[in-house]
Structure formats: C-alpha cells, structure tokens
Amino acid sequence: MTREQIDPLELSLTGGEPFNLVEALARRGVSRREFLKFCTIMAGVLALPVEKASRIARALENTPRVPLVWLEFQDCAGCTESLLRASRPTVGELVLDVLSVDYHETIMAPAGEQAEASKAATVEKGGHIVVVEGSIPLKDGGLYCCIGGKTAKDILFETVEGAIAVIAVGNCAAFGGIPAASPNPTEAVGVADLVKDVPVVNLPGCPLNVVNLTATVVHFLTFGSLPAMDHLKRPLFAYGKRIHDNCERRPHFDAGQFVEEWGDEGHRLGWCLYKMGCKGPETYHNCPTVRWNEGTSWPVMSGHGCLGCSEPNFWDTMTPFYQRLPEVPGFGVEATIDKVGLGLTAVAAAGVAAHAIGSAVRKKAAGASQEKEE
Amino acid sequence: MLRRVYVWEAPVRIFHWAHVASIAVLAFTGYYIGNPFITVPDETAQTYLMGWMRAIHFGAAFVFGLGFLVRVYWMFVGNQYASWRDWLPVSRDRWGFFGRQLKYYLFLAKERPHYMGHNPVAGLSYAAFGVMVLVQGLTGFALYAEPYADGFWRAAFGWLLTLFGNQTLRWVHHALMWLFAAFFVVHLYMAILADVEERNAAITGIVSGVKFNHAPDH
C-alpha cells in the first residue's frame, strides 16, 4: 500500500464570529472532563500517543468553526442512522454538530428553498468540508437521482467547489457500494471517480462507523492536514489493519476450531467463523478495536461473520457471504469447486484406465501379428 | 545396441522431486486451509493446527516457487534436454514428431517414436504445467501478501489483489489444485507407459539421470 500523505492544508477560516467550542458544549451539558475524555478517545482512534490528547483539546478549543455540508445521493440513509445511532447524543456527536454540520438533508430543520439557500451560503463562503453519503448515477445523464431538479452529479460538483476536502462516507459514496453492484443499472460510481481537484477521503463501511468520521475531522482540525491514507484513499488509522489480525476469535482460527453450523457447540463457545464465510481475512477495518454503538459490540463479536463491507465492490466480490468460495459458474446452483475438481480428477483417472486397456490390446495385437509373420 | 545417455542433469532431477514433494504438501495443507476438515476440540491455548498448516504451506510454497525459478534458469544454461526447445514444438522437426506421437497416443499409428528427452506431446504438457505453476505461484503469493498493508510482498504482488480481488484469486488458486491432481494422474500413467513401451528407463531416469538409447537416432 502506498502511504499517501496529503500536504498540510492551510486553515483559512478565520472569518466569521469568534467561537468557543467548550462553551458551546457546556451549553449542551458536556462538562470539560467529558470533553477531555473525548479528546483522549480520539487520540486512541487515531493511533496517536496519549499525550497528544491535550494537543487535540487545545486545537479543538481554539479552532475556527469548519462548516460541514452533508449530501445524500443513492443511499439508504444508513450512514446518517449510524451518525445518530445513540440513544442519547455522545460527546463526539455534539462536537461534530456544534463544530460543523451546516446542512444535512435528513436531520436539519429547514426544508425546501430555505435549506438550499443555507447550503448555497456555506458553499459561497468556501473553505467547507463536504461529506457525501450514497453513490452518484451517471447513466442517462444522471437522472436516476435528482434533488430539487438537479442531478446528483451536478449537486456534487457545485458543492465541492471551493471545499477543503470531500469525505465519502459509506461504501456507496466511496466505491459505488450496493447501487453499483452488478449489473449496476444506474452506472453508479463513488465520489473519487468524479472529484479530482479536491482531496477525497474514503470512509467506507456499510454503514460508516461514525467514530472514524469524527476522528478524521478532529485530525484535520488538530493538525491542519488529512490523515495518512492507503491506496484506496482510506485513512490508515481506521483501515490500516485487517479485521482477521485484530479479531478476538483469531486464537480459535489458529487452533483449528471452527463453527460448522449456526448454533452448534462451536458457535456457542465463540469459535472462529471462517467456515461460515467470514470475510475478516480479506477486510481492512478497525471494527474489532473501536467496535460499534459506543463500543458495545461488532458483528463477529455477536456471532456473525464479517461481510467485507469496507472493501470495493463488496457486494460482488465478497459474496457468497456465508461460504468460503464462490460456486463454479455454469455447473448449477450447488456445484462447489471441490465437487467439480474431484470429478475432473476422476475423469482423468478413467481416461488413463481406458488408455491403458487400449495400449494393452494394441500390444497384444502387435505381438499376435509378429507371431503370424514368424 | 543399448547406449547409456546422461539426460537429466542434477538441477532438473532435484527440481522434479522438490516439486513432487512440495506439491503434495501444498495440496494437503492448502486443502485444509480452504476447508478446515479437522476441528480440534482441545484447549485453545494448547493447539495450533491451522497455524501449523499455514506455516508448512508457506514453507513449501517457497520450495515450489524457488524450484520453478531454478528450472526456468536451467532451461537456458542446462543441456539440450533441459532446454525450453524440448517443451515447445517450435522446430519443424519437433512439430512433425508431435503429430506422430499424438497419433500414436490416439491409437491412430502403430509405431511409437523414440526420444531421449521429452517427447513433444509430453514437452508441451510441461509447458502447460509451467503456466499452471506460474498462475498458482502468483495467486498464492498475492494471497500471502494480503496481511501486509505495505512492504515487499504488497509491492510485489498486491497489484493482483487490486486487479482481481481476493475471492477470485482464492477460487483460481483452489481450482488449480485440482488441475494439479488431474495432471499428476495423467503424468504418472504416461511415465509408466513410456517406461513399459520404450524400455528406456523413463522412470528410473528421473532418479539417476540416465536413460537408454536403443534407437538409431533422436
């Protein structure tokens, strides 16, 4: 993987009224202690030494407000749901909210022309961050996803104009996701396929883990640069390690202890889900370490295999989700590669046996004709 | 008159048996990795079955890969029987014999042509085998590179993961194992047949390196 470090970007956002994050948070009931805990967690997620927590706190306290515009295209709003997931708002969510979110179609109060006007005002000022959720259709001029009479593609290009960065959240915005799954009827693509002159960060996952979005924004606000990324433009702090290598079930894999059937003895004992088609060995994501729903659990912990949702085209390349290998094409529904392979070997053996008989017959005939000649 | 001819030089023989051993080990451990058919019910901390299977598979893979590289090198520096010209029927002479040999195999001709090195049909099958080894090696080392986010393995083979994706690579890697099994069956039979019909030590030759020449030419 090539480590792609985006050059530090100048924060040119001093315009606007003075802003005090700690005070804004206090108005929403977040104590300073909770705020510092949040900064420590962010240092952990970003794989920074814990001393950096104070630097994060200082940066967040003094940073100017960075407006954030959240666009939704061909999506299920699942990533938004992930953002709002908690029964009560977390500190991270509030930070993201008071610090940033200016426009979010699903959760903002204004609607219609008022909403469009607030977006236009933000974009006009520039220096904003655009978050995109959902894929962008290109077929037939992109008419399969239109909002307010404009296609998704046009809205995207309009909104990223003057932006500091685009964060593509979820697999759809990052790689096309489920709308782009074969046969991809709308020719859906991800943001990075279209946006070339503004830095793009991909935060795939189905849905996005909001911890990683918050951490990306915090990294940007603290260091003035985007985090180091892999060849798929995914931040290394979140996508630099394989699920399999951080999985709590890994010892059972190495030992040779596998779940064979849902609910069997091995499943109850928490053995490895490899044979149930878990795609942890193929997937780079930080689910095992940061988990989901405020660190409660994650799919493999709850007894279900990984689907590989942070990898490109996972709907096509990671299926069948509940088997190790795809079936053999053209051999019917249940033809596993082992059945076909064993059949091939048997055919070879049968052919060899037939040829051996033929050769023996030939030899005998040759011997007989030789005797005749004599 | 029977003449002893030193046909298979040491690197060729060592390559042959290194591949026999490594393919046997790779097929068994690889099948286990693809479909772990043994579950160890003991204390987790005391067992390491999949770990060993993978370690042995990777070790054997290096023998397999290095053996292939040595054999390719020897194609260009070894004797005439080790040359790539013995594999691909590119000369008009070899091509003519290819037809005769194939006819013989298909019971369309009575006379079995004699050769000191590979017969042209067998030679071509080894060229195909070489392609199988290459694909198996590339897919295998690409999968080996998967846990490495960067570094040598990712740089050398990561492009295959990007290009084809893990599932396709594993599918091809697994399917080729069965092609190797089928190749083994046919190869073993052909060697026995040649040994019996040509009586030129086709089988012991790959141990000693010596074959017998009792034909006037070739």
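Two strands are said to pair if DSSP finds at least two bridges between them; strands (E, at least two residues) and helices (H or I, at least four) are DSSP runs numbered from the N terminus. This is a predicted model, in which local features need pLDDT of at least 70, side-chain atom pairs count only at pLDDT 80 or more, and totals for chains, interfaces and linings use all residues. Residues are numbered from 1 along each chain as its sequence is written, with chains lettered from A and ligands numbered from 1 in the order in which they are written.

**View 1. Pairing of strand S1 (residues 68-72) of chain A with strand S3 (residues 129-133) of chain A**. Five bridges join the two strands in the parallel sense. Glu133(A) in S3(A) is the residue opposite Glu72(A).

**View 2. Pairing of S1(A) with strand S2 (residues 101-104) of chain A**. These strands run parallel and share three bridges. Tyr103(A) is the bridge partner of Val69(A).

**View 3. The two faces of S1(A)**. Leu68(A), Trp70(A) and Glu72(A) point one way, Val69(A) and Leu71(A) the other. Five of the five residues are buried (20 or more other C-beta atoms, placed from the backbone, within 10 Å of the residue's own), so the strand is largely enclosed by the rest of the structure.

**View 4. Surroundings of Val169(A)**. Beyond its neighbours within four places in sequence, Val169(A) is in contact (C-beta atoms, placed from the backbone, within 7 Å) with residues including Cys79(A), Val132(A), Glu133(A) and Leu213(A).

Technical notes
Contact = placed C-beta atoms within 7 Å. Buried ≥ 20, exposed ≤ 12 C-beta atoms within 10 Å, placed from the backbone.
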